[in-house]
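Visitor: I'm new to this one and would like a close look at a single part. Could you pick a spot and walk me outward from there?

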Amino acid sequence: MPNQDPIQTGLALIRHWFAQRNWQIKPFQEECATAYLSGKSGLLNAPTGSGKTYALWLPCLVEANTHPSPLGRGRGGATLQILWITPLRALSKDLQKAMQTAGDEMGLGWQVGLRTGDTESKERQKQKKQMPECLLTTPESLHILFASKGYEDLFKNLKTVVVDEWHELMSTKRGVQMELAISRLVAIQPTLKIWGISATIGNLDEACTVLTHSKEAVIIKAKIAKKIEIASILPDVVERFPWSGHLGINLIDKVLPIIEQSQTTLLFTNTRAQTEIWYQKLLEKAPELAGLIAMHHGSLDNEIRTWVENALHEGKLKIVVCTSSLDLGVDFRPVDTVIQVGSPKGVARFLQRAGRSGHRPDAVSKIYFLPTHAFELLEAAALKEAVQQGLIEKREPIMHSIDVLVQYLLTLAVSDGFDSELLYNEVIKTNCYQNLTKAEWAWALDFITTGGNSLSQYDDYKKAEKEGNFYQIKKKKIAFQHRLSIGTIVSDPMIKVKYLTGGYIGTVEESFISRLNEGDIFWFAGRNLEFAMMKEMNALVRKTNKKAGMLPRWSGGRLMLSSELAELVREKLENYLDFSVSAPLSVSPLTSPAPSLMSLPIELQTIAPILALQQKWSIIPRKHQLLIEVLETKEGHHLFVYPFEGRGVHEVLASLIAFRISQLKPITFSISMNDYGFELLSDQEIKIEKALETELFSTENLLEDVMASVNETEMAKRKFRDIAAISGLIFQGYPSKYISKKHLQSSTGLLFDVFQKYDSENLLIGQAHTEAMNFALDLKRLQTALEKIKNQEIILKKPIQPTPFAFPILVDRIRALLSSESLEDRVKKMTISLEKIAG
């Protein structure tokens, strides 16, 4: 019918597609399709497993069906109509399969292509000659396309960009890459629709604006209450002096029945090293799992990861031990159980992992929380509360990232070049660079052509050539090196691990391999390996039956307790105090919880003996109180402070307080901290009463005192290493040519010192200092914590021995000095001594 509404026609096709599968289209899917077919951009907020991919992909298909492109296949890049961005390569194959199937069923003859770092060169070249109608890719691979000659032709018929898992990208430099990419694509195709898919975050409106940069963009919420069942794995007996790592693996006997009762389980750890340990220990404890257990993390060979993903789909595996490499959107339908080892330190991360189970509409997500020490049960109770309240953290977008801007300018200069005036007007439309001044833009242009004030004498830094307002890179070597360097994920130089007889296993960091001697044994990818030799960028190994002596360690910061979860932890302590006042509590770990506590979460009931002993020897502070404990041991004089603001804040706050105390009297401290508090240890008596009289926790002169209390320059220098790599100041090497971490650090350190001394106006140096203050030091959150303390009542206690709150902080300090075996022996002796006192 010629006058039929195309939107209604499209909706009818989508409803028919759902009906053919005996599925019911959800209101949010219909709302999303209506908005898309109306030509709008927007952000879709829907839980994992709710059908969010189809909510956008099907409208893309029916729009093509009702408004076919005048260009058929065989016309080069012009066939590309949909760009679908995913943050992880692991997501791509699963998405491609589902989307290709739907496209085939619509009868469009569309191809859904895949282009990531794992895509073979032959396939990438084929795509340049003949693009698919839909291309799944990553931010880095999209920018690599921008670095190819004639790239604009690839996108001239582009209709839509969809950014999947936008919440994961927005607060990273990869998100900045996407902002710049979208600004370029909109310039090529002004009618482009921009859509994002996001899990729930605390600032959805901002997330939508950052992505689309449009006030007319819509936010569509699924309004599906995803049912999540959370159960904590509890120890039979709780030690009243807990410490980090004293549970975890020791609860493995409680994990095995969960695995047995489930069809398929994902066991998430927070680090790759922990993944290796859990895989090893599960096999040792339950050898019958051989062939049914697998491991998945980002350092394993792609073929291994792909095999694991396929085996999960096919229901061949009983358990997969994994990291965040399986956090996001992959649909593994056989998975009905998730186990989280250790606190994820944030609500969003916990929900993301919980959503890996019951990955179907209306299915229940089942997740078990396994604590690595008893106090993590507080966080388990807080997470349950957060899920019940629908509370979730914000994701803050990155602003004014000069290193990513410089890389982007080089990318465009490598391909067809750019007009600086036109490009400036595009760039300032992004959220990240909305306040970029003409002077800063001129600095960036000068930097890519001359190297700036300090490097203008060196030809290697004269990359782009300028003709009027036009900039282009013509030197083939510079262009080649830049294409190899595109991206914002910077890590230690990676060494490939291969068998002497051939066969690739995965990658470990150069800093680990550099410590190995011939014949050393290490455990990696679920097997014992003997190191034979280094050959170029390859560590050659052989299998061995000898027991592994060490595990690789990968860089990556500790997970930081979010402010939202920290606040809920304090609420849980407050709940405990409210109930405990109604009845006397036993401090014995063998006594059943008092009747007044039975209505509390099971996690609080379990650690009630610890909390009771803390209350007996000191206090449990209420939310309006700050607890400080001072005591003396054979080690010296201890000052424990408990703000409950997270490890990152405590690390800086401890240095700040140590500095301010030392201003009153010269004194030296050792510092230790965890998520709940920090310790200052000195061989001199700490005059805390006198220090408190001087506004010890004041926000006055905060910046100056922080700069004086921590080595901010060293922190900035560390940040500069990544900035130098992203901006192209240093080249990290060819795929087959080894450049050591030591050499790279030396090069960036030298550049940092030169810029500091002779080019203080260098914007990359300024960015390094800004990132040190905002990210490494988290100055904003520190200030918030101090303002909170200003309104709190300070409670000073002087226990005669370390309290249950103090003990794990004290152990963390000792941990750095001892091997794991020696640490356990030392802690055992300390615990026996304290238990005798506790009675």
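Visitor: Which residue's side chain makes a polar contact with the side chain of Asp403?

Guide: That would be Ser401: the side chains of Asp403 and Ser401 make a polar contact at 2.7 Å (N or O atoms within 3.5 Å, one able to donate a hydrogen and the other to accept it). Bear in mind that this is a predicted model, where local features need pLDDT of at least 70, side-chain atom pairs need 80 or more, and totals for chains, interfaces and linings use all residues. Numbering starts from 1 along each chain, and side-chain values use heavy atoms, without hydrogens and water.

Asp403 is found in helix 16, residues 402–414 (helices are DSSP runs of H or I, at least four residues; strands are runs of E, at least two). Its relative accessible area is 0%, so Asp403 is buried (buried is under 20%, exposed over 50%, partly exposed in between, with a 1.4 Å probe). Leaving aside residues up to four places away in sequence, Asp403 touches Lys173, Ile723, Ile726, Ser727, Leu764 and Gln767 (heavy atoms within 4.5 Å).

Burial turns up elsewhere too. Helix 6, residues 139–146, has seven of its eight residues buried, so the rest of the structure largely encloses it. The buried ones are Pro139, Glu140, Ser141, Leu142, His143, Leu145 and Phe146.

Next, a pair of loop residues. Most residues other than glycine have a negative phi. Glu165, though not a glycine, has a positive phi of about 50°, and Lys223, also not a glycine, has one of about 55°. Glu165 lies in the loop between strand 5 (160–163) and helix 8 (166–170), and is buried at 2% relative accessible area. Lys223 sits in the loop that runs between strand 7 (218–221) and strand 8 (228–232), and counts as exposed at 78%.

Five strands form an open sheet in the order 18-17-21-20-19, with mixed pairing (a pair needs at least two DSSP bridges). Strand 18 (504–509) and strand 19 (521–524) stand at the edges with a single partner strand each, so one side of each has no neighbour in the sheet. Strand 19 pairs with strand 20, residues 527–535, in the antiparallel sense over four bridges. To see strand 20 from across the way, look for Trp523, which stands opposite its Asn528.
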